[in-house]
Amino acid sequence: MKRSIGTRTEISSPTAPAITVKNLHKSFRLPTEQSFGLKQTIFNRLRGIKGYKEQKVLKGLDFEIKQGEFLGIVGRNGSGKSTLLKILAGIYYPEKGEITINGNLVPFIELGVGFNPELTGRENVYMNGALLGFSNAEMDKMYDDIWKFAELEPFQDQKLKNYSSGMQVRLAFSIAIRARGDILLLDEVLAVGDAAFQQKCNDYFKELKKHHQTVILVTHSMEDVKRFCTRAILLESGKIIEEGDPHKVANAYTKMLLS
Amino acid sequence: MKIPRVLNRKNRILLKELTKTDFKLRYQGSVLGYLWALLRPLMMFAILYIVFSKLLRIGNDIPHYPVYLLCGTTLWSFFTECTSQGIQAIIVRGDLLRKISFPKYIVVVSSQLTALINLGINLIVVVVFALINGVAPSWSWFLVIPAVLELYLLSLGIAFLLGSINVKYRDITSIWDVLVQALFYAVPIIYPISMVAGTSALAAKIILLNPIAQAIQDIRFNLITPETITTWNYINNPFIVIIPILFVLIILIAGAITFRKKSKFFAEEV
């Protein structure tokens with residue numbers, strides 16, 4: 001029953017690579033035949049059934065991200081992209097291998113984490129800000145800008161449940177782009193919204209690239225990979241099958257989908 | 001092993017925000033709002049007072065019995081609220097745990113801080129009632145603080161221990177609900193301990209070894225009347241007397257160790 005655990009170390013060095021990943025493995029235990037609950041677990045133990053199935057998601061990844069790189073991670077659904085991102089973000093534990101994170105990493109697995117429909121827009125902004133590591137004083141300073149950028153100023157004191165989903169995304173995005181970290185992790189979060197919103201996202205990416213911000217972007221858009229990334233990785237069933245020039249990787253991905 | 005910076009700046013902000021939301025959401029949509037934090041225990045007290053003191057005529061030999069009873073029910077409500085919220089916290093905040101990385105104990109502590117705030121408000125009511133009832137203010141009132149802290153640490157230990165098991169085996173919630181019901185009668189809240197002591201001194205001693213009973217009796221002793229029977233003045237053996245404190249420490253340490261070990265997989269399992 002005991003699970004082995006790999007290491008995830010955080011360091012702070014001006015010269016070291018932003019992220020180093022060595023021999024990273026991860027598997028999940030998927031419960032089989034309703035093994036939830038105490039009763040089933042005891043039954044399963046007595047009958048010698050494990051009650052779960054081991055699903056290998058990442059099978060030995062090795063890569064490095066240099067400071068200032070804009071790395072794209074692409075791959076089909078279920079190839080392990082999101083799992084990799086969650087391990088980098090420290091949400092999941094690596095099962096085997098070593099991860100070294102150099103500097104402060106800000107993950108966006110989803111926009112508007114902690115948003116609660118029963119709270120007002122104002123309260124949600126502070127909550128979300130706290131999750132991104134902003135203090136109240138810092139939030140006070142950028143508060144007006146957030147609403148102006150989201151173009152939602154009249155709705156500040158409305159409960160979030162009265163916002164349309166588009167409005168919620170706009171608000172969340174408007175907070176998110178103010179987060180500053182040495183490394184930004186973005187998981188397809190920006191692939192939503194209308195054309196005007198997409199334009200704002202593109203501007204944001206351009207800005208990040210211009211300032212040599214270290215970014216890891218998980219995406220299905222080969223357009224974005226070619227336009228913004230300085231390097232890319234193609235994942236397929238838990239392994240890196242192509243790595244390097246974004247155009248080369250994007251083409252390999254497209255070819256893989258067509259074959 | 002790296003020692004985590006227990007409350008760095010980011011974690012402090014998060015703890016504050018989560019507690020604030022918890023508190024706001026609790027009474028959202030109710031006309032009386034926060035007032036319910038006060039009304040609920042007062043109503044429970046009114047029911048118990050009518051049934052036990054007036055109808056069954058229990059506790060007439062204890063000075064200031066109504067306040068004595070209110071004090072007990074207030075502390076009991078705190079204990080049940082604190083433990084059940086704490087045990088549920090990981091599941092309630094599961095959505096957050098799956099999307100962002102932060103020390104998991106924060107959600108447990110924040111859910112319990114709400115209970116602690118409620119207790120603070122309610123203890124003020126107890127003090128007001130005590131003064132109306134003719135209890136003289138005393139320096140010993142400050143001794144209530146360590147006893148409340150003990151009760152809180154016990155709840156924290158229970159929440160860590162059962163909460164981390166509850167992530168995988170949700171049965172814990174139901175088991176704890178029943179256990180709390182049973183515990184209510186094992187702690188001298190509605191009946192005075194002197195009633196048990198009258199029939200069996202041994203039974204009274206066993207009851208007083210329960211840390212919840214010990215803490216509640218200590219608080220009554222210091223806040224309301226020194227005529228209260230406590231673990232310290234009823235049990236003479238110095239080795240037996242420390243059992244309640246020892247118990248709290250063991251639960252807290254076992255809880256912290258279990259939680260630390262299991263919390264690595266909360267995001268996957270919740």
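Close-up 1. At 31% relative accessibility, Glu243(A) counts as partly exposed, while Arg231(A), at 14%, is buried (buried is under 20% relative accessible area, exposed over 50%, partly exposed in between, with a 1.4 Å probe and protein chains only). Their side chains meet in a salt bridge of 3.0 Å, N to O (a side-chain nitrogen of Lys or Arg within 4 Å of a carboxyl oxygen of Asp or Glu). Arg231(A) sits in strand β9 (residues 231-236) and Glu243(A) in strand β10 (residues 239-244), 12 residues apart (strands are DSSP runs of E, at least two residues, and helices runs of H or I, at least four, numbered from the N terminus).

This is a predicted model, where local features need pLDDT of at least 70 and side-chain atom pairs pLDDT 80 or more, while totals for chains, interfaces and linings use all residues. Residues are numbered from 1 along each chain, chains are lettered from A and ligands numbered from 1 as written, and side-chain values use heavy atoms, without hydrogens and water.

**Close-up 2. A salt bridge from helix to loop in chain A.** Lys200(A) pairs with Glu151(A), the closest N and O atoms being 3.4 Å apart. Lys200(A) lies in helix α6 (residues 195-210) and Glu151(A) in the loop between α4 (136-150) and α5 (165-176), so the pair ties together parts 49 residues apart in sequence. Glu151(A) is exposed at 53%; Lys200(A) is partly exposed at 22%.

**Close-up 3. A buried pair in chain B.** Here Asp22(B) forms a salt bridge with Arg93(B), at 3.2 Å between the closest N and O atoms. Both residues are buried.
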